[in-house]
Amino acid sequence: MTRRVARGYLVALDPLLIQPQYPVFPEGTTIGRDSDICEVIASNEFVSRRHCAILCERDRTIELVDLDSSNGTFVNRERIKRCVLSHGDHISCGRPSPPHFVFSESPPSNARTYVLPPQNVYRIGRDSSNDLPLVTDLTVSSFHARLRNVNGTLFIDDLGSSNGTFCNSLLVSNTRISPDDTIQIGSTELAFALTTEGLHVRCRKKQNQIRLESRNICRVHRGRHLLRDIDLVIEPGEFVGVLGPSGAGKSTLLNALNGFVPADSGNVLLNGLPLYSTYDLFRNAIGYVPQDDIIHKELTVERSLFYTAQLRLPRDTTQEQLSQHVTSVIETLGLTHVRENYVTQLSGGQRKRVSIGCELLTRPSLVFLDEPTSGLDPSTEEKLMKHFRLMAEQGQTVILTTHILYNLGLLDLVVLLARGRLVYFGPVAEVCSYFSTPDVPVERPIQVFDLLEPETPDPEVREERAEYYERKYRESGLYQQYVVQRLDASKETNAHVELAAAKAPLMRGIGPRLRAFSRALQSLLDTRQLLILVRRTFDLRFSFPSRLAMPLLMPVLLALLILTVSVQNQGSLDRERQEYLTDHQSGLSLLNQTGLISSDEFMRMRFEGFPNLGIPISIPLIMVMTAVFMGTLSACLEISGERPVYLRERSVNLSIPVYLASKLPVLFLLSSVQCFIYILLSMFSIRASNVNVLALLLTTVGVAWVSCLIGLFISSLDPTSGHNSVVLAVIVVLPQLLFSGAMAPNFWGGMGRMTQTIASLFPSRWGFELLLTTFYRETDWAGGLITRTTEGGMGFRFGPDVYFTNGLALLLLGLGYFIATCVSLRRYDTL
């Protein structure tokens, strides 16, 4: 598509504006709150839906016209109806100040130099009170860093910022700097030099100024080449589509370019810096929307974006600022009318726009979208593609994969892949002519796919065809123009970048590792992130009453199992005495049907009051297994069910231990309520006497909590989005019936050493032993009979000491599963 030539530029002064600058095209530009009719969205309660317009006249003058707005349009604080704009005019919508834009007749310079008066300390941050204020960069903390002048030597200290301070692309907490060093804070590059006049500052905005290069990147999976020596150069502000037949490597290339799944070999460079080794530097400059939605469907549009903003923006951003920024994104994407709707109620196109909104919160310079129009109707697909086109015209680089060819004309450039090989990179308009031959004319882009992927089952033929077109492209003039010449143009710039990165010897060696470790430790103690995630998890669980119905009904249904167990009660005592006197060989026993206790001992205990004699061991066994089942099932979908969301948040700034810890309050509360309901109904059913109900409840709750952690571990192992988690949970729960040690005739003492070792890794073994002590307490007159039965006959430990030892075992077991889940989730990290 031929790019439109701007006649002027609106440079953003309001931090709530999504873009740093907006081009003014000859067709004119409308400013307002309604994204359906306005090109520039100014989100403010004083701004009308269609507030004002910038018109380009034939005499090349540019006029600003108020469109009968409610609160007026102001130029240099004076209200106007219509006026000619001049370079440097400040434009405000709705109020005289502060201004929203400054008008520039030429492309605004991203670099400027100025001098600050001499002083010992200079502060840098988003707050306007700083000596170097960066008020329009939302990724910068309010008080981000400070410069110290110590006897003519400059030192820079990071002030605990959310997104870090970088010196020559390396993360620093404090270091000495020289005039040749490059400091990056947010999207701004800074260089400092002390003179007799004061502090000379060179400032360069890098937002929407990122050049993307890939050099010989390759990706191999199970012996198959998914990508082969891909060379690309994508300039800032270009709209690029990645196309190809199924299995061509489109998503693989996209993930390699954005660092989500790095290439096995080759380099991806952003402004000459290797992405994979400097990912922290570009973390907020990259937006990525995968095929699966990266939003929770149980939240409203506004709450979903609000939680994302809280997690990604600096921790000192106020609630009011967060709300304003979320509103700005919602209005920019045309979602105002559905902001209070749950995501489940949205159409496919609206859900995709919410996912895009999550990425726009940090104003990324590079936006990657994997099949963003898949499954959408043609009308919705066209609207989305036009929105991406507008994003590119306003300065963002947009790269997307697609298999839909209706709106290819909106793209600047197209990448065509076949069998992981680059077979074309150039303008959309030249695709058909490039692939046409006198024998096989190509009139529509869809015909190119037939050429690249012939209808043959022979993979060698397909590979040969892809290799032929790759070779043809490398020999073409398009390859020289769009790859070779672009790579040559970047060599000089990259040489300067490499020279700068090679400096700062104080930051080499163990320094970066210590700083990375310190920052990782800080993230483990990030209570703010923990509280945000806990609130979100509560919202997810309790947003729909129907989500609570099944968890609360589960203990009621499981309590009915107790009714199927035969429990002897006090009312049958006289009949038992008659039966015993009639038949001395009745062989009744305690706890089970194996005759561990003689009928004489049984009758003595029965008549003299041994507690809960009529309750068989099947009752505590059922209780333990119920706690195991409820805890495991409650948690087994917690991670796998939101895997796309987790992976995207993890790639930004999510701490694994904090993420897991945020799941526990909701899971522990829910499992505690389930156990309370279950114990209440069960005790009513069996009518046991002299049972320590508190100990019974604490035991089942402890088993359920550990089972929740097992459920989280299972969820982390599931490679799918929850399709296998329930099956895995059942597979883990069922063996615990054996591992509990309650199965006659061998019980725990008759199990082999290896089986006992494995069983010790599960909560049912420790919980059942606890419940034996809880139900069948020893009495003074019994002479240690119950202890001999459980320890000698069944192999279990018995007595009050079990409460401490087994409670400690459950605690350590839970901690072990928590650590194991952290390690399991760490496997998904790619950088």
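**Figure 1. Pairing of strand 3 with strand 5 around Thr29 in the predicted model.** Thr29 has Ile54 of strand 5 as its bridge partner. Strand 3 (residues 29-32) and strand 5 (residues 52-56) run antiparallel and share three bridges. Strands (E, at least two residues) and helices (H or I, at least four) are DSSP runs numbered from the N terminus, and two strands pair if DSSP finds at least two bridges between them. An open sheet of five strands contains both, in the order 4-3-5-6-9 and with mixed pairing. Strand 4 (40-41) and strand 9 (82-84) are the edge strands, each pairing on one side only. The model is predicted: local features need pLDDT of at least 70, side-chain atom pairs count only at pLDDT 80 or more, and totals for chains, interfaces and linings use all residues. Residues are numbered from 1 along each chain as its sequence is written, and side-chain values use heavy atoms, with hydrogens and water left out.

**Figure 2. Hairpin of strand 23 and strand 24.** Strand 23 (residues 212-221) pairs with strand 24 (residues 224-234) in the antiparallel sense, over seven bridges. Val220 stands opposite His225 of strand 24. Two residues lie between the strands of this hairpin, and Arg222 takes a positive phi near 55 degrees there.

**Figure 3. Loop residues with backbone features.** Asn76 is not a glycine, yet its phi is positive, at about 55 degrees. Asn76 sits in the loop between strand 7 (73-75) and strand 8 (78-80). Its relative accessible area is 40%, so Asn76 is partly exposed; buried means under 20% relative accessible area, exposed over 50%, and partly exposed in between (1.4 Å probe, protein chains only). Arg419, also a residue other than glycine, has a positive phi near 55 degrees. Arg419 is placed in the loop between strand 31 and strand 32. With a relative accessible area of 18%, Arg419 is buried. Ser97 and Pro98 are joined by a cis peptide bond, with omega about -5 degrees. Pro98 belongs to the loop between strand 10 (90-93) and strand 11.

Figure 4. The whole structure holds 17 aromatic pairs. Rings of Phe, Tyr and Trp (its six-membered ring) pair if their centres lie within 6.5 Å; planes under 30 degrees apart count as stacked, over 60 as edge-to-face and the rest as tilted. The ring centres of Tyr22 and Phe101 are 6.1 Å apart and their planes are at 85 degrees, so this pair is edge-to-face. Tyr22 is in strand 2 (residues 21-24) and Phe101 in strand 11 (residues 101-104), so the pair ties together parts 79 residues apart in sequence. Tyr22 and Phe101 are both buried. Tyr424 is buried, at 0% relative accessibility, and Tyr473 is buried with a relative accessible area of 0%. Ring pairs join Tyr424 and Tyr473 into a cluster with Tyr434, Phe435, Tyr468, Tyr469 and Tyr479.

**Figure 5. The largest nonpolar core and the surroundings of Phe425.** A nonpolar core is a set of buried Ala, Val, Leu, Ile, Met, Phe, Trp, Tyr and Cys residues joined through side-chain atoms within 4.5 Å. The largest one has 122 residues, and Leu253, Phe388, Phe425 and Phe435 make the most contacts inside it. Strand 31 (residues 413-418) supplies the largest share of this core, six residues. Domain 1 (8-104) and domain 2 (111-205), with bounds from an automatic or database domain assignment, each give at least three residues to the core. Beyond its neighbours within four places in sequence, Phe425 has contacts (heavy atoms within 4.5 Å) with residues including Leu232, Val233, Ile234, Leu413, Tyr473 and Arg486.
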